[in-house]
Amino acid sequence: MTPDAAGRLPSPGSSYDVLVIGGGITGAGIARDAALRGWRTLLVEKDDFASGTSSRSSRLVHGGLRYLEHGQLGLVFESSNERRRLLRLAPHLVHPLAFTWPVYRGARLPLWKVNAGVTLYDALALFRNVHRHELLRAAAVQRAEPTLDARHLSGGVRYWDAHTDDARLTLANALDAERAGATVLNHVTVTALRMQGATADGARLRCTLSGAETEVQARAIVNATGPWSDSVRALEGAAARPSVRGSKGVHILVPRERVGNRDALTLLHPDDGRVMFALPAGTFTIFGTTDTYADESPDSVRASAADVDYLLTAANAFFPAAALSRADVVSAWAGIRPLVAASGDTPGAASREHAIEVTPAGVVTITGGKLTTYRIMAAQVVDAVERRLGVRHRCITGTTPLGDDTARREAACTGADSARVDPALEWRFGDLAFAVAHEHARTLGDLLIRRTKLAFERRDNGLGIGPDVARRVAPLLGWTEQDQRAEVERFAEEVRRIFGAGAGA
């Protein structure tokens, strides 16, 4: 394995002000906020940054138009503000995206109601969205999206949100935390909390790559593990009611040329009327998402055949000429949304608002929330930490741009490193080398699933290129031939776990 794997851990007895457990978007945002306020911060993630829900989302930074139907005006207002802020502070990662919402005669939501909702949506953004919405006649909808089914079309609306690379947004926060002085470690798990009486004041850590262990002290501990929150709470040793209820969200990715969508679309599923999206993703289109309560482990959740069929039904209803089948699905994936346990009878009606509590052992725990609001969630968690520490600093993440490594990455992709890993896709070998050198990539999964989207965009989910990529990065990671074989098998297991058996099938 990586030659520095054993030496990556902090020295035994190392002391920090804040230990953040969980390297998804929330944990990475908390680490960045804490480090920018001057706290000695340690961020640990048991797998890789964004390896859970934060790399399996709809990739949207949005106000949450569909939440208006359930009266969650406060959440929409907050989300709209954060969308505007991220568009300003991270323009290299968060980009405006136009949505068309076609409305058909007899739909659950008539055109007047959709238009009223989008008008309120703009109002909650204080009319400072990228552009204001437009009411469209049926002919205008057809001109905007000519492959859309035009039968019984009564009109539509056009409005704006934003999209992002969810895994890269998470990574950017972790790297910014590191630049601000934090220690950030992926592939490091917390095996036990160190207790001083009834209060947690540190943790036992184990590197999952080398097996090395150490123990650290921390004045404050944050549980930001999302769907895994209750597992961390169990380390406190006291029985506690469940704090998280998982909602499963599934997406499928298909060739965009088959669908023909020009921009994003908001759609009502023909079977149950729930809101879903068709989203442009380069040469692909993403359809999603489902929303069902799930008892599956967040470590093993993946799309079922029924989930895929549900999304294909909607895709073919709105784009009948596509005639999509399971064979057309390039990849399908699922994530678990960590909803607050007592929030709603159905997942669609459940609040996406977050909850922060301090457990009896003194661990600051955050549950719920959404990708768009991660920054303000992080600020509120660090505020809670500072109340425990008895010191208050000003939060500056609302005005501090997120780090941009685009120019450095492009500079690294020169000469032989400019060759594409897959001739049909945009990712280059230089991207992989840069990820190893500067972005904490340690495994094939880190490289092919999260630093790039190769596993999502190849029908074999990257299995066919795994051995070649392992050979190319082996000198950078110190892998022997035996290490390479083991890493290829580890990657195959991760692909099976995320994308299902018979990857791409």
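**Notebook: burial, cores and a pocket in a predicted model**

I began with Phe127, which counts as partly exposed at 42% relative accessibility; here buried means under 20% relative accessible area, exposed over 50%, and partly exposed in between, with a 1.4 Å probe and protein chains only. This is a predicted model, in which local features need pLDDT of at least 70 and side-chain atom pairs count only at pLDDT 80 or more, while totals for chains, interfaces and linings use all residues. Residues are numbered from 1 along each chain as its sequence is written, and side-chain values use heavy atoms, with hydrogens and water left out.

**Backbone entries**

I looked up the backbone of Phe127 and found a positive phi of about 55°, although Phe127 is not a glycine. Phe127 sits in the loop between H3 and strand E5 (134–136), where helices (H or I, at least four residues) and strands (E, at least two) are DSSP runs numbered from the N terminus. I then turned to His187, another residue other than glycine with a positive phi, near 60°, and placed His187 in the loop between E7 and strand E8 (188–196). His187 counts as buried, at 3% relative accessibility. I also noted a cis peptide bond between Gly288 and Thr289, with omega about 10°, and Thr289 belongs to the loop between E14 and strand E15 (292–293).

**Cores**

I next asked which residues touch the most other members of the largest nonpolar core, and in this core of 54 residues they are Phe99, Trp101, Tyr159, Leu279, Leu447 and Val469. Helix H14 (residues 466–477) gives the most to this core, with five residues. A nonpolar core is taken as a set of buried Ala, Val, Leu, Ile, Met, Phe, Trp, Tyr and Cys residues joined through side-chain atoms within 4.5 Å. In soluble globular proteins, nonpolar side chains tend to be buried together.

I followed Leu447 and, not counting residues up to four places away in sequence, found that it touches Leu432, Ala435, Val436, Ala441, Thr452, Val469 and Val473, contact meaning heavy atoms within 4.5 Å.

I looked up Leu312 in helix H8 (residues 305–318) and found it buried, with a relative accessible area of 5%. Leaving aside neighbours within four places in sequence, Leu312 is in contact with Ile252, Leu324, Ser325, Arg326 and Val329.

Thr443 caps the N-terminal end of H12, with a side-chain oxygen 3.3 Å from the backbone nitrogen of Gly445.

From H15 I picked Glu494, which is buried, with a relative accessible area of 7%. Leaving aside neighbours within four places in sequence, Glu494 is in contact with Asp47, Gly445, Ile449 and Arg450.

I looked up Asp166 in helix H5 (residues 166–179) and found it buried, at 0% relative accessibility. Its side chain makes a polar contact of 2.7 Å with the side chain of Ser57; a polar contact is a pair of N or O atoms within 3.5 Å, where within protein one must be able to donate a hydrogen and the other to accept it, and residues adjacent in sequence count only if both atoms are side-chain atoms. Leaving aside neighbours within four places in sequence, the contacts of Asp166 include Arg56, Leu371 and Lys453.

H5 also gives the most to the lining of the second largest pocket, with five residues. On a 1 Å grid over the protein atoms alone, a pocket is an open set of points where a 1.4 Å probe fits, with protein on both sides within 12 Å along at least five of seven lines, and lining residues have an atom within 4 Å of a point. Of the 39 lining residues, the closest to the centre of this pocket are His95, Asp165, Arg168, Glu426 and Trp427.
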